[in-house]
Amino acid sequence: MIPAAFDYKRASSAAEAISLVSQYGSDAKFLAGGHSLLPLMKLRLAQPAMLIDIGRVKDLSYIKDAGNHIAIGALTRHMDVETSKVLREHAPLLSHAAGHVGDAQVRHRGTIGGSIAHADPASDLPATTLALGATYVVQGPKGQREIAATKFYKGFLESDLAADEMLIEIRVPKMQGAGWSFQKFNRRAQDWAIVGVAAWRRKGEAGVALVNMGSTPILATSVATAIAKGASISDAAAMASNEADPQSDLNASTDYRKHLASVLVRRALEAASK
Amino acid sequence: MKVSITVNGKEHQSDVEPRTLLVHYIREVIGLTGTNVGCDTSSCGACTLHMNGEAVKSCTILAVQADGASVTTIEGLAKDGVMHPMQTAFMENHGLQCGYCTPGMVMAAIGLLNENPKPTEEQVRMGLEGNLCRCTGYHNIVKSVLAAASAK
Ligand SMILES: Cc1cc2nc3c(=O)[nH]c(=O)nc-3n(C[C@H](O)[C@H](O)[C@H](O)COP(=O)(O)OP(=O)(O)OC[C@H]3O[C@@H](n4cnc5c(N)ncnc54)[C@H](O)[C@@H]3O)c2cc1C
Ligand code: FES
Ligand code: FES
């Protein structure tokens with residue numbers, strides 16, 4: 001399978017990428033790792049007329065300790081997130097989840113920024129950064145703005161990013177030693193989650209987000225509120241689907257997903273409480 | 001678009017359409033057909049080769065993305081007629097039957113040992129999760145990779 005023909009330009013900086021995308025308008029798409037976009041283009045589910053390759057914007061590939069948060073460049077690959085010492089120390093939930101994205105070959109190419117910008121509810125890192133209370137930094141022709149992860153996801157593959165804006169940095173608050181767990185339920189090793197859960201917990205506080213439980217990644221606020229009010233883990237986990245609206249598909253029905261979500265949230269909170 | 005890609009140590013200059021996939025470039029432009037296309041949907045790993053030393057799926061990379069890169073395919077492993085230890089390990093441990101997945105399996109396995117020279121059996125199984133084999137049941141593939149790791 002070969003994608004439909006397109007023009008190709010390479011950007012060497014975020015500013016150049018943004019000026020190119022403003023020039024070509026809605027026919028243009030950024031190409032980061034290409035591991036979501038190229039499969040779609042091969043199936044002709046996407047046919048952009050222009051690809052702007054940002055894969056070589058090397059100064060957007062970094063992981064930095066920025067005091068109370070860790071700053072991750074949008075072009076940082078999953079493999080680098082997975083193996084980062086800084087993240088393993090300060091945001092181990094994120095580095096662990098990155099290690100569960102696809103397979104090694106996918107993790108060598110796919111980027112955290114591509115994963116978040118793609119806004120697939122079945123992806124692991126949108127939900128994980130949502131659970132961690134991340135902020136995304138985007139840059140457009142008029143400069144930069146910060147978007148809280150809680151405000152970013154608008155619908156299936158839809159986000160608050162404008163067509164001429166580029167995601168440049170992900171800011172993840174340090175976990176300060178909180179317990180955590182990432183639960184991914186799938187049938188084959190390399191697959192996307194049928195349902196996934198990213199959770200952290202410390203005394204009187206928890207954060208839980210769900211993968212593939214609706215048209216966006218879902219923040220399970222009822223669970224977190226229940227934990228904060230002192231509910232038992234099983235009572236809190238029973239509320240796993242309060243904010244969710246999962247679809248039925250070949251892998252699982254809506255009811256099955258809701259059941260699975262409460263089981264996985266319970267397991268995640270138990271593991272995070274150890 | 002003009003690209004310059006080093007394949008198995010030799011630099012090639014070619015003019016390609018931007019939509020040319022790296023696997024098609026390797027097979028049809030360079031003429032090295034050891035790298036197979038299996039699923040063509042990023043799942044099976046048959047098209048795995050090394051780009052700048054790392055295992056990647058060449059059906060999901062554009063040749064223009066590999067411009068300036070150094071690529072190693074299954075044909076580039078043997079040195080002076082002597083097989084790479086991973087190839088020998090696959091042969092000695094019956095790590096293949098029909099052989100279709102084998103070039104990708106071997107490239108993924110070498111990539112795995114580059115990152116984790118002494119993996120456990122579990123780590124080998126997880127490390128090869130991006131490669132599917134329809135014949136062997138994986139048992140002898142895992143055995144081959146562990147044999148290559150302990151031969152080092
Ligand atoms: C076999 C396979 C298995 C996979 N399994 C999983 C899995 O289990 N879990 C999971 O989470 N993911 C999985 N993925 C997806 C993988 O994580 C992708 O790498 C990721 O979703 C997209 O990142 P990318 O860098 O490849 O983005 P690309 O494919 O290059 O881009 C994706 C989209 O985001 C846009 N974009 C990219 N970067 C930016 C940016 N900086 N600013 C604005 N827009 C941008 C692009 O224009 C495009 O629309 C899998 C992929 C494959 C091929
Ligand atoms: S042909 Fe590339 S992964 Fe199957
Ligand atoms: S040996 Fe036949 S597919 Fe693996």
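# Reading helices, a sheet and ring pairs

Q: Which residue just after H2(B) takes a positive phi?

A: That's His94(B): coming just after H2(B), this residue has a positive phi of about 50 degrees. Keep in mind as we go that the model is predicted.

Q: Okay, and what about phi in the residue that follows H1(A)?

A: There you land on Gly25(A), again with a positive phi, near 65 degrees.

Q: Back to H2(B), then. Which of its residues are buried?

A: The cut-off to have in mind is that buried means under 20% relative accessible area. In H2(B), which runs over residues 85-92 of chain B, that picks out Met86(B), Gln87(B), Ala89(B) and Phe90(B). Look down the axis of H2(B) and these buried residues fall within an arc of 160 degrees, so they line one face of the helix.

Q: What does the face turned away from the buried side of H2(B) carry?

A: It carries the exposed residues Pro85(B), Met91(B) and Glu92(B).

Q: And what do the buried residues of H2(B) pack against?

A: Two other helices of chain B: H3 (102-115) and H5 (139-151).

Q: Let's do that for H1 in chain A. Which residues are buried there?

A: H1(A) spans residues 14-24, and its buried residues are Ala14(A), Ala17(A), Ile18(A), Leu20(A) and Val21(A). Viewed down the axis of H1(A), they fall within an arc of 160 degrees, so here too the buried residues line one face of the helix. As for partners, the buried residues of H1(A) pack against strands S1, S2, S3, S6 and S10 (166-173) of chain A.

Q: How many bridges join S1(A) and S3 of chain A?

A: The two strands pair in the parallel sense over 4 bridges, with S3 covering residues 50-53. For one of the partners, take Asp7(A): its bridge partner in S3(A) is Met50(A).

Q: On to rings. How many aromatic pairs are there over all chains?

A: A search of the whole structure gives 3. One of them joins Tyr136(A) and Tyr153(A), edge-to-face, at 6.1 Å centre to centre and 85 degrees between the planes. Tyr136(A) belongs to S6 (residues 135-140) and Tyr153(A) to S8 (residues 153-155), so this pair ties together parts of chain A that are 17 residues apart in sequence.

Q: Are Tyr136(A) and Tyr153(A) buried or exposed?

A: Tyr136(A) is buried, at 0% relative accessibility, and Tyr153(A) counts as buried too, at 11%. Tyr153(A) also pairs with Phe152(A): the ring centres are 5.0 Å apart and the planes stand at 85 degrees, which is over the 60-degree cut-off, so this pair is edge-to-face. Phe152(A) is buried at 0% relative accessibility. Put together, ring pairs link Tyr136(A), Phe152(A) and Tyr153(A) into a cluster.

Q: Where does the charged end of Lys64(A) sit?

A: Over the ring of Tyr62(A), 4.2 Å from the ring centre.

How values were computed: Residues numbered from 1 in each chain as written. Chains lettered and ligands numbered in written order. Predicted model: local features only at pLDDT ≥ 70, side-chain atom pairs only at ≥ 80, totals over all residues. Heavy atoms only, no water. Phe/Tyr/Trp six-rings, centres within 6.5 Å; stacked < 30°, edge-to-face > 60°. Buried < 20%, exposed > 50% of the residue type's maximum accessible area, 1.4 Å probe, protein only. Lys NZ or Arg CZ within 6 Å of the ring centre and 35° of its normal. Pairing = 2+ DSSP bridges. Arc of directions from axis to C-beta. Contact = heavy atoms within 4.5 Å.
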